[in-house]
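Here are my notes for anyone opening this one for the first time. Have the viewer ready and go through the points in order.

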Amino acid sequence: MDAAQALADLTEISAQIDAAVLAGADGSVVASTFQQEGRGEELARAAVELVAAAGEARGHSGAPELVQIQAATPRGSLFVVRDGGHVVAAVTGSKPTVGLVFYDLKTCLRMLEREAEKPEKPEKSAKADKAEKPTATTEKVGKASTPRKPTTTKKKDEGGGDESS
């Protein structure tokens, strides 16, 4: 699954999310659902800066790194979730179900991570393709190939028959 598909799935399953952007840890946009191209870039940079500023404000050395944050206004909310390599940010309307939105954003990042960890499927060799195709002299029967029997036609008896005189 690529980043664009992960965001499409996210906005499909989470009706509360109006728009979202997936970015690298540095804020560079990987995928966005915003119609205006610059809007996704603005949100990605702002999301990375917000998480960094909130982490610094905590001021606890040795404390776990901040991985999610929500900023709420009367008009809507901004949600940001990050993992080691990506940041996903989403905007919602007012009064969203906070836990559900965070869950959906984390699921998006997990799906993207799982896809990156999958080894690519090896391509079939030409020899393997040849072996799978039945030849002109074999016929596929169930799971095994069996040779075709030659078709024969029986000739009618020409002289001796059942004639009455």
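The points below go from the overall layout to the cores, the helices, the strands and a couple of loop residues.

1. **What we are looking at.** Keep in mind that this is a predicted model. The chain folds into four helices and seven strands. Reading from the N terminus, the order is α-β-β-α-β-β-β-α-α-β-β.

2. **Overall numbers.** The chain has 165 residues, and 27% of them count as buried. Its accessible surface is about 12,200 Å², with 51% of that belonging to carbon and sulfur atoms. If you take contacts between residues at least 6 apart in sequence, 44% of them join residues at least 24 apart.

3. **The largest core.** Which residues have the most contacts inside the largest nonpolar core? They are Leu7, Leu10, Ile17, Leu22, Val88 and Leu105, in a core of 18 residues. At least two core residues come from each of α1 (3-13), β1 (17-24), β4 (76-82), β5 (86-92) and α3 (98-117). The largest share is that of α3, with six residues. As background, nonpolar side chains in soluble globular proteins tend to be buried together.

4. **Helix α2.** This helix covers residues 37-58, which makes 22 residues, and it reaches 33 Å from its first C-alpha to its last, close to the 32 Å expected at 1.5 Å a residue. Its buried residues are Gly40, Leu43, Ala44, Ala47, Val48, Val51 and Ala54. Look down the axis of α2 and these buried residues fall within an arc of 135°, so they line one face of the helix. The face turned away from that buried side carries Glu49, Glu56 and Ala57, which are exposed. As for what lies over the buried residues of α2, the cover includes β1, β2 (29-32), β3 (68-73), β4 and β5. Just past the end of α2, Gly59 has a positive phi of about 60°.

5. **Helix α3.** The 20 residues of α3 should span 28 Å at 1.5 Å a residue, and the end C-alpha atoms are 29 Å apart, which agrees. Buried in α3 are Val101, Phe102, Asp104, Leu105, Thr107, Cys108, Leu109 and Leu112. Their cover includes α1, β1, β3, β4 and β5.

6. **Strand pairing.** Start with β3 and β4, which run antiparallel and are joined by six bridges. Here Gln70 stands opposite Phe79 in β4, and the hairpin from β3 to β4 passes through two residues. Next, β4 pairs with β5, again antiparallel and over six bridges. Leu78 stands opposite Val91 in β5, and this β4-β5 hairpin has three residues between its strands. On to β1 and β5: they run antiparallel with seven bridges, and Val21 has Ala89 in β5 as its bridge partner.

7. **Where β5 sits.** Is β5 largely enclosed or largely open? Six of its seven residues are buried, so β5 is largely enclosed by the rest of the structure.

8. **Gly84.** This glycine is in the loop between β4 and β5. With a relative accessible area of 76%, Gly84 is exposed; the cut-off for that label is over 50%. Ala25 is 59 residues away from Gly84 along the chain, yet their C-alpha atoms are separated by 7.3 Å.

9. **Lys95.** My last stop is the loop between β5 and α3, where Lys95 lies. Its phi is near 55°, a positive value in a residue other than glycine. Is Lys95 buried or exposed? At 81% relative accessibility, Lys95 counts as exposed.

Notes:
Residues are numbered from 1 along each chain as its sequence is written. This is a predicted model: local features need pLDDT of at least 70, side-chain atom pairs count only at pLDDT 80 or more; totals for chains, interfaces and linings use all residues. Side-chain values use heavy atoms; hydrogens and water are left out. Buried means under 20% relative accessible area, exposed over 50%, partly exposed in between (1.4 Å probe, protein chains only). Contact means heavy atoms within 4.5 Å. Accessible areas come from the Shrake-Rupley method with a 1.4 Å probe; for residues, only the protein chains shown count as cover. A nonpolar core is a set of buried Ala, Val, Leu, Ile, Met, Phe, Trp, Tyr and Cys residues joined through side-chain atoms within 4.5 Å. The expected span of a helix is 1.5 Å times one less than its number of residues. The arc is that of the directions from the helix axis to the C-beta atoms. Two strands pair if DSSP finds at least two bridges between them.
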